[in-house]
Amino acid sequence: MFELNQYPLTYKKSALQPYISETTMDFHYEKHLATYIDNLNKAIKGTDFINLSLKQIIIKSSHSKETRYTFNNAAQVFNHNFFFNCMKIGVPQNLPKKLFNSFDSLDDFKSQFKAVANTIFGSGWVWLVTEAREYKIVKTANADTPIAHNQTPLLCLDLWEHAYYLDYQNKRGEFIDTFLNHLINWEFVESCL
Ligand code: MN
């Protein structure tokens with residue numbers, strides 16, 4: 001069984017203000033993430049998934065349509081925990097050195113990330129991942145996650161409406177810019193490299 005306190009926020013819910021409100025963080029963590037965890041627990045009860053780790057469940061459930069509901073909820077638990085860890089205010093905005101092999105500059109990284117973000121129609125995620133020693137920006141639809149595709153995530157942005165609608169309403173582009181300019185925890189990204 002999975003529990004919310006296995007995935008603690010590493011900062012106060014008010015810590016990302018004024019860019020993300022305490023109300024948004026409260027709903028996102030206490031309601032959205034908690035519900036994915038509840039649904040995952042119900043889905044795996046009495047199945048072979050019960051003794052597996054979250055990552056093992058994601059990979060194993062990704063292979064079959066019959067386990068799509070389990071996959072969606074497990075992937076959303078992973079994605080949300082990763083996303084919350086990706087954010088922090090006050091970290092110097094520097095592109096980690098290793099990424100200069102794949103991006104010309106921090107601005108180049110931001111513009112590539114935004115270009116991919118702008119191609120998401122409906123709910124999804126934008127990711128910086130590493131695959132075969134190459135760094136790249138990819139998107140996933142709905143609950144899908146890079147770890148189901150042999151990619152290692154380094155950074156992600158939640159672009160489901162619940163991630164920004166209370167604070168930004170329909171201005172999704174403003175939310176993307178704010179994330180890129182103020183919220184990326186580059187220390188966390190570096191720790192994943
Ligand atoms: Mn979300």
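Author: Contact means that heavy atoms lie within 4.5 Å of one another. By that rule, Gln112 touches Ser102, Phe103 and Ile137, leaving aside residues up to four places away in sequence. Please keep in mind that this is a predicted model.

Reader: Where does Gln112 lie, and why is it called partly exposed?

Author: Gln112 is part of helix H4, residues 106–117. Its relative accessible area is 34%. Buried needs under 20% and exposed needs over 50%, so Gln112 at 34% is partly exposed.

Reader: Let's go to the metal. What makes a residue a donor of the manganese ion?

Author: A donor is an N, O or S atom within 2.8 Å of the metal. The protein donors are His28 (NE2), His80 (NE2), Asp158 (OD) and His162 (NE2), and they lie 1.9 to 2.1 Å from the manganese ion. These distances fall within the 2.8 Å limit, so the four residues count as donors. Their spacing in sequence is H-x51-H-x77-D-x3-H. His28 sits in helix H1 (residues 22–44) and His162 in the loop between strand E3 (152–158) and helix H5 (165–168), so this pair ties together parts that are 134 residues apart in sequence.

Reader: Why is His28 called buried?

Author: The relative accessible area of His28 is 2%. The limit for buried is under 20%, so His28 is buried.

Reader: What makes Phe103 and Phe109 an aromatic pair, and which kind is it?

Author: The structure holds 15 aromatic pairs. For Phe103 and Phe109, the rings are 5.3 Å apart centre to centre, with 90 degrees between the planes. Ring centres within 6.5 Å make a pair, and planes over 60 degrees apart count as edge-to-face, so Phe103 and Phe109 form an edge-to-face pair. Phe103 has 1% relative accessibility and counts as buried, and Phe109 is buried too, at 0%.

Reader: And what kind of pair do Tyr164 and Tyr165 form?

Author: Their centres are 6.3 Å apart, with 45 degrees between the planes. Stacked would need under 30 degrees and edge-to-face over 60, so Tyr164 and Tyr165 at 45 degrees are tilted. Tyr164 counts as buried at 5% relative accessibility, whereas Tyr165 is partly exposed at 38%.

Reader: How do you know that Lys60 lies over the face of Phe49?

Author: Lys60 is 5.7 Å from the ring centre of Phe49. The distance limit is 6 Å, alongside an angle limit of 35 degrees from the ring normal.

Reader: What makes a set of residues a nonpolar core, and how many residues has the largest one?

Author: The members are buried nonpolar residues, including Phe and Leu, joined through side-chain atoms within 4.5 Å. The largest core has 65 residues, and those with the most contacts inside it are Phe109, Leu128 and Phe179. Helix H3 (residues 68–85) gives the most to this core, with eight residues. The core takes at least three residues from each of domain 1 (21–85) and domain 2 (97–192). As for Phe109, its contacts beyond four places in sequence include Leu95, Leu128, Leu155 and Trp186.

Reader: How many residues does each domain bring to the contact between them?

Author: The centres of domain 1 and domain 2, taken over C-alpha atoms, are separated by 20 Å. The contact takes 21 residues from domain 1 and 23 residues from domain 2.

Reader: Which residues does a cis peptide bond join?

Author: Gln17 and Pro18 are joined by it, with omega of about 10 degrees. Pro18 lies in the segment before H1.

Notes
Residues numbered from 1 in each chain as written. Predicted model: local features only at pLDDT ≥ 70, side-chain atom pairs only at ≥ 80, totals over all residues. Heavy atoms only, no water. Donors = N, O, S within 2.8 Å, 3.2 Å for Na, K, Ca; no water. Helix = DSSP H or I, 4+ residues; strand = E, 2+ residues; numbered from the N terminus. Buried < 20%, exposed > 50% of the residue type's maximum accessible area, 1.4 Å probe, protein only. Phe/Tyr/Trp six-rings, centres within 6.5 Å; stacked < 30°, edge-to-face > 60°. Domains from an automatic or database assignment.
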